[in-house]
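Dear colleague,

I am passing on the structure we spoke about, and below it you will find my notes on what came out of it. Please read them with the structure open beside you.

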Amino acid sequence: MTSFPLLSVMTFLPLAGALLLFLFVKEGHYRDGGARLSQGIALAVSLLAFVLSCVMLARFDPSYTGFQMMESVVWLPSFGIAYVKGIDGISVWFVMISTILTPLCILSAMHSVKVRVKEFMIALLVLETMMIGTFTALDFFLFYLFFEGVLIPMFLIIGVWGGAKRTYAAYKFFLYTLLGSVLMLVAILVLVRHFGSTSMVLAMVKDSIPKETALWLWLAFFASFAIKTPMWPFHTWLPYAHVEAPTAGSVLLAGVLLKMGCYGFIRISLQILPEASHFFAPMMIGLSLVAIVYASLVALAQTDVKKLIAYSSVAHMGYVTLGLFSFTRQGFDGAMMVILSHTFVAGALFLCVGVIYDRLHTREISRYGGMATTMPKYATVFMVFTLAAIGLPGTSGFVGEFLTMQGAFEANSWYAFVAAFGMILSAAYMLWLYRRLFFGPLSKDDVRAMPDLTKREMLVFAPLLVLVLWMGIYPASFKNVYEPTLDKVLTVVQNKVHEVRL
Amino acid sequence: MISASFLYVVRPELVLALMGLFAFLVAIVGGNRVARSVGFIVLAGFFFATITMFSSSRLEGLLNGVFPMQAFGGLFVDDAFARLSKVIVLVASACSILLSWHYFEKEGSSRSEYPVLVLFATLGMMAMISAGDFLSLYLGLELQSLSLYILAAFKRDDARSSEAGLKYFILGALSSGVLLYGVSLIYGFSGTTNFDVLANLFQSGSTVHPGVVVGLVFVCAAVAFKLSGVPFHMWAPDVYEGAPTPVTAFFASAPKLAALALLVRLLLGPFAGASVYWHQAVLFIAVASMLWGAFAGLVQFNLKRLLAYSAIANVGFLLVGVLAGGIDGVQALFIYFSIYALNILGAFAVVLCLRRKGKEVESLSDLAGLSRTNPLLALGMAVLMFSLAGIPPLAGFFGKYFIFLAAVHHGLVFLAVIGMLSSVVSAYYYLRIVKIMYFDEPLIRIDPMTDWGVRLVLGGAALVMVAFAFMPAPLVDYTLKVAHEFV
């Protein structure tokens, strides 16, 4: 079983599924245009990918801090480009979040996407391939290929199945992200020229980049990851993309695509350009703190549910970068925890919005109210995720934010002081949102008429509920997997920074 | 240099010329009724010309180090660089014949001269590619240009087509004049028109007479005109829009490579030692083309015009490869061009499919909702557009990657940054096409596509764009060998 290329199979399985749909599901042959069949196949394929990722997690050895399950195939030897895949304690979780969220998205889209179902499923499956590919690539060229490839399906998902201003949102998402990415491509080209190969593993070991070059390279990578994450002030595409995308698109955008930026910061900025990262750390922390406070304040002013959650995403991503660039152990741990927690919480919140959007087709907060009485199940589910977003102890949000704050405090107590405002504000906007949606008089007839969660919807939320509570009550089962790797990364980074200082 | 029998060296051209004469004869005897047969003869000519090139390269496996071969006292050079360029030109020309297969019948102006003219234009291009002397260069260039002038005006009853032909002819003649003037200056001040002798002149390190430099600049300007690089691009949008669509597809592919091969052979051959004199000028053309092609394309509403600006932007990217030079630069040029040519031919195949009740439509808004009415056509176009925008994992990204890798490798990082940023700008108009096809509601019903030639080109191009990522090695390795030998 050792030679079985698990990672590649997992990566390309969704693509094969998409191809299957494209070639063999003929719309004309079915009364519903092949919608049910497409949904079934897509769900089966994504579940299979999930099973494979569980096998991967089971076979993963957390105590070994290098890359595991490496696969290497000669691709373009004359350019030092190889098809190299592998995972370590960090990327294993990023792969997991992709494979967990995709089936849930497909499940949720079964009800809410009614036009061009087959194409939607194809887009989701292609997107999954690109996501898993990004997180398992250990070659710059391959990484870029997948990282950028994400844009095509997401552009179509937003643009074809999105809301009223979908065209503007899709353009802004695509061009803004592309702008950052091409700068990253130039940086990759310079790195390749420097190392003579596109191997990431090699780039992590070698350290011979002149300081000035390293600073420029870091900025180029920063352009891409800061836009993707997104960090303030590069976040302006996000509210539009989130709001206009269909539910499944928003979930994957918040759950996985934003994490590609975080992953890039860890994998490339910190691991390959540690000295430059340390040099720019004050700036990163400054931007993160601004993001936390500013985005939270903006979230308070929103009248659109999705926009509010989108801004809360920007604030949460601020915690991630704050933790990472505090260069402390707790900060690193916390950042990783926030990433995982935010994936499930934000994903779930967007799914929650999707539930009421499907019923009433509006995202205006003021159109709802008093739903707690008619939709008790829904209110409960929403409550759990609201509290998790606030960071209540016992939910996943608490662990990450606490550790991040601790790390920030160790670096400088003022950082923690400012970041703490974000926690207060997050409680304010989330609880206020909850009050406006669920309490108050049930005065609107159409809101009163809305049915509670269906079985299918419960099925979508159940795994996320379990994960959020599990992560809050016993975070060790998540932490143990990534901690050794993260510790090693931190040690290496600190050593390199230390060397340069001497 | 080894001199071989000239018959042996010019075999592909000879085969093509004979087939061309035969096709001409058939056309004269049979008239317009035999247009298809003439097309077949021309396609066969392209095929045989390609075959002869490959069969003789097998011979060379026996006699190692045969390249480069010369004929006609150095007027004609045959090397791996020329071989590969010619193969690409032949494939592109064959594609444009396929694209025209039903076109002129539908337009009611089926004429058997068309394939013959394409053939002679191709022959001219092959002569350009293999030129070892300004004299043969000019001969090839004129054979190509004269055929192209007629092709541009091929729809005689159509005012736009006639205008395109006339415009192209006047400006083309002017640029030929500029070229001749440059050549005469170079000859006057150096005493030779032969590339090898010129190369020695520049390498010997003696001071170069300003007259030669002026001549060089004139030659560069004339070639930039043929390439439609900014600021010599004015003709391109009008001619692209006015010329019959299969002709436009031809313009955007094969002649571009011929001019480019010519430029590479000149600038990286005899004038490599004089790069201080031309580097700045080519740099300006490259940057201006990339930026102008990107920004001016934003305001186009005619599909053919839009593709003309896209071609201008792509010329800028190609010139980045020329500026980088070296083995990797030449290799990147080949990779970029082979992918680009197929890409743009595919895009024009889509334009050819756009007919409503038998009449051509070519404005952007006519594509509205194409994904509903013709899903496969829309999908093919979307793939081609994303590839032109250079989005991975499609083939277009590979071309850009290698071009800019070469640029960075040769210290042109700022050029890479400008190129990348301009590609983001141009991504907007490629995306707009996808947006119109996928996001908008259908306005008109496009006729189903029936032409097998167009379908072949479109399907092949789209498939290659997608599948290239899975096996890029053959093209990359082969072009590396060619570039290695050339530099």
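**What was found**

The secondary structure of chain B comes to 22 helices and five strands, where helices (H or I, at least four residues) and strands (E, at least two) are DSSP runs numbered from the N terminus. Please keep in mind that this is a predicted model, in which local features need pLDDT of at least 70 and side-chain atom pairs count only at pLDDT 80 or more, while totals for chains, interfaces and linings use all residues. Residues are numbered from 1 along each chain as its sequence is written, and chains are lettered from A and ligands numbered from 1 in the order in which they are written.

**The two chains**

For the 487 residues of chain B, a compact globule would have a radius of gyration near 23 Å, and the 21 Å of chain B agrees with that; the radius is taken over C-alpha atoms, and the globule rule is 2.2 Å times the number of residues to the power 0.38. The C-alpha atoms of chain B fill a box of roughly 65 × 55 × 45 Å along the principal axes. Of its 487 residues, 59% count as buried, a term that requires 20 or more other C-beta atoms within 10 Å of the residue's own, whereas 12 or fewer make a residue exposed and values in between make it partly exposed, with C-beta atoms placed from the backbone. Among the contacts in chain B with a separation of 6 or more, 80% are between residues 24 or more positions apart, a contact being two residues whose C-beta atoms, placed from the backbone, lie within 7 Å.

Chain A has 21 helices and two strands. With 502 residues, a compact globule would have a radius of gyration near 23 Å, and chain A, at 22 Å, agrees. Its C-alpha atoms fill a box of roughly 70 × 60 × 40 Å along the principal axes, and 59% of the 502 residues of chain A count as buried.

**Core and interface**

The largest nonpolar core has 401 residues, and those with the most contacts inside it are A:Val186, A:Phe385, B:Tyr336, B:Leu345, B:Phe348 and B:Ala349; such a core is a set of buried Ala, Val, Leu, Ile, Met, Phe, Trp, Tyr and Cys residues joined through C-beta atoms within 7 Å. Its largest share, 20 residues, comes from helix H16 (residues 326-353) of chain B. Leaving aside neighbours within four places in sequence, B:Phe348 is in contact with B:Leu99, B:Thr245, B:Thr248, B:Ala249, B:Ala252 and B:Leu307.

The contact between the chains takes 27 residues from chain A and 27 residues from chain B. On the side of chain A that touches chain B, the elements giving two or more residues are strand S1 (68-76), helix H5 (140-149), helix H6 (151-161) and helix H7 (166-195) of chain A, and the largest share, 15 residues, comes from H7(A). The residues of that side divide into 20 nonpolar, four polar and three charged, where Ala, Val, Leu, Ile, Met, Phe, Trp, Tyr, Cys and Pro count as nonpolar, Asp, Glu, Lys and Arg as charged, and the others, Gly among them, as polar.

**Local backbone features**

In chain A, the peptide bond from A:Thr229 to A:Pro230 is cis, with omega near -15°, and A:Pro230 is placed in the loop between helix H9 (211-228) and helix H10 (237-244) of chain A. Phi of A:Arg116 is near 45°, a positive value in a residue other than glycine; A:Arg116 sits in the loop between helix H3 (91-112) and helix H4 (117-136) of chain A, and counts as buried because it has 21 C-beta neighbours inside 10 Å.

In chain B, the peptide bond from B:Val230 to B:Pro231 is cis, with omega near 5°, and B:Pro231 lies in the loop between helix H10 (210-227) and H11 of chain B. B:Ser228 is found in the loop between H10 and H11 of chain B, and has a positive phi of about 60° although it is not a glycine. With 27 C-beta neighbours inside 10 Å, B:Ser228 counts as buried.

With best wishes
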